[in-house]
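Student: I've got a new structure to look at. Can you walk me through it?

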Amino acid sequence: MDATPGQNMRVDPDRLWDSLMEMAKIGPGVAGGNNRQTLTDADAEGRALFQSWCEAAGLTMGLDKMGNMFARREGTEDLPAVYVGSHLDTQPTGGKYDGVLGVLGGLELIRTLNDLNIKTRHPIVVTNWTNEEGTRFAPAMLASGVFAGVHDQAWAEDKTDAEGKRFGDELDRIGWRGDEEVGARRDDMRAFFELHIEQGPILEAEGKDIGVVTHGQGLSWTQVTVTGKESHTGSTPMPMRKNAGLAMARILEKVEEIALAHAPHAVGAAGHIDIYPNSRNVIPGKAVFTVDFRSPDLATIEEMEGEMRIAAQKIVDDMGLTVEFEKTGGFDPVTFDEGCVTAVRNAAERLGYSHQNIISGAGHDACWINRVCPTAMIMTPCVDGLSHNEAEEITKDWARAGADVLLHAVVETAEIVS
């Protein structure tokens, strides 16, 4: 039995693009992108649209207690399924493709198989993972983490947003909690493939159609709280100030130095920053910020984090301030399955798409699912490497190439019935 799909098996790029644009109408942003944050009314509407498309394609929908959606196309035999997908939730100022391309690319491959009347031995399941972004309810990749056994479900459901609303309550409110136990499908998974935009500039700069993702960077999030003393900016003498904002600035300079010293693959920055009381004429008495270190090497991450803590402690000690550190998230570097990665690479070569190996600099649901079953990722370029921004953009040709490679890798793994 030859499970290798022919070169002429391709997705419908117009149908895929139309689906992307239709989904983008739900939760529109203010500048052309999307604000479809997890467990909002917009998220519920996007889920409903996805479900309607899946049902029209003949798929049956499963839903677990974390709201993860599983749209199943049966195989000809009772075998473990090949899973594919990503997420539909977005950042508050997110783009139209981050995550969504992977979900709708999965749906498009099902539609293509239906068009060609092709059956596979293994079932194929298209997945929408809940709360990948982690913006409203930290940490990121929350529901896939529960699915993979990394996070406790009760702990995850008790996470709150900035308004104090619980994840579990909001999931119930929008009506997308299922009856299926989270993780019940783990033994059913033959493999998982995730299509995603790169969220970086490498593929576009190199002129490549496809990124064959071999590894995922690990990351460490450390929340740093610097405490000084609030006082008047005009009447407090310079030598008597305990400026938490200044201490934060000096620590962030060290973060930059540390990341540069571990180049080229290591990175570091602080994206979440709060200053208190954040008033024009009050010297900050407290600064809270999260330092994000990433590298494909775990030892490098641990070394950078240790250097940051030592440097920060010295800075605040010299200034007469105090500092506290709290590890708020992270995961170890990921090595994706050699067999699945080879299937992706073979698909790109068979289809004539230019490609190169790449390391994912961002976290993805695939990083957790890799612990459960053989997993790989496919990446497409994005314009200027811009993501998590309403100006995020890809081309229809890039979307088509990624979905074509996804189609071939998944079908080869699911095995065509001759």
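Student: How far apart are the end C-alpha atoms of residues 217–311?
Tutor: They lie 24 Å apart. Keep in mind that this is a predicted model.

Student: How much of that span is helix, and how much is strand?
Tutor: Helix takes 34% of residues 217–311, and strand takes 36%.

Student: What does UniProt call residues 217–311?
Tutor: The unreviewed UniProt entry labels them "domain: Peptidase M20 dimerisation".

Student: New topic. Which domains does the domain assignment give?
Tutor: Domain 1 covers 13–216 + 333–414. Domain 2 covers 218–331.

Student: How far apart are the C-alpha centres of domain 1 and domain 2?
Tutor: The centres are 34 Å apart. In the contact, domain 1 takes part with 10 residues and domain 2 with 10 residues.

Student: What area do domain 1 and domain 2 bury between them?
Tutor: About 750 Å², with 76% of it on carbon and sulfur atoms.

Student: Which three residues of domain 1 supply more of its buried area than any other three?
Tutor: Pro333, Ile359 and Trp368. Together they supply 52% of the area that domain 1 buries against domain 2.

Student: How many salt bridges are there between domain 1 and domain 2?
Tutor: The count is zero.

Student: And how many residue pairs are in polar contact across that interface?
Tutor: Two, both at pLDDT 80 or more.

Student: How do the residues on domain 1's side divide into nonpolar, polar and charged?
Tutor: Where domain 1 touches domain 2, seven residues are nonpolar and three are polar. No charged residues are on that side.

How values were computed:
Residues numbered from 1 in each chain as written. Predicted model: local features only at pLDDT ≥ 70, side-chain atom pairs only at ≥ 80, totals over all residues. Heavy atoms only, no water. Domains from an automatic or database assignment. Contact = heavy atoms within 4.5 Å. Buried area = accessible area lost by both parts, 1.4 Å probe. Salt bridge = Lys/Arg side-chain N within 4 Å of Asp/Glu carboxyl O. Polar contact = N/O pair within 3.5 Å; in protein donor to acceptor, adjacent residues only side chain to side chain. Nonpolar A, V, L, I, M, F, W, Y, C, P; charged D, E, K, R; others polar. UniProt positions renumbered as here; feature names shortened; annotations may be inferred. Helix = DSSP H or I, 4+ residues; strand = E, 2+ residues; numbered from the N terminus.
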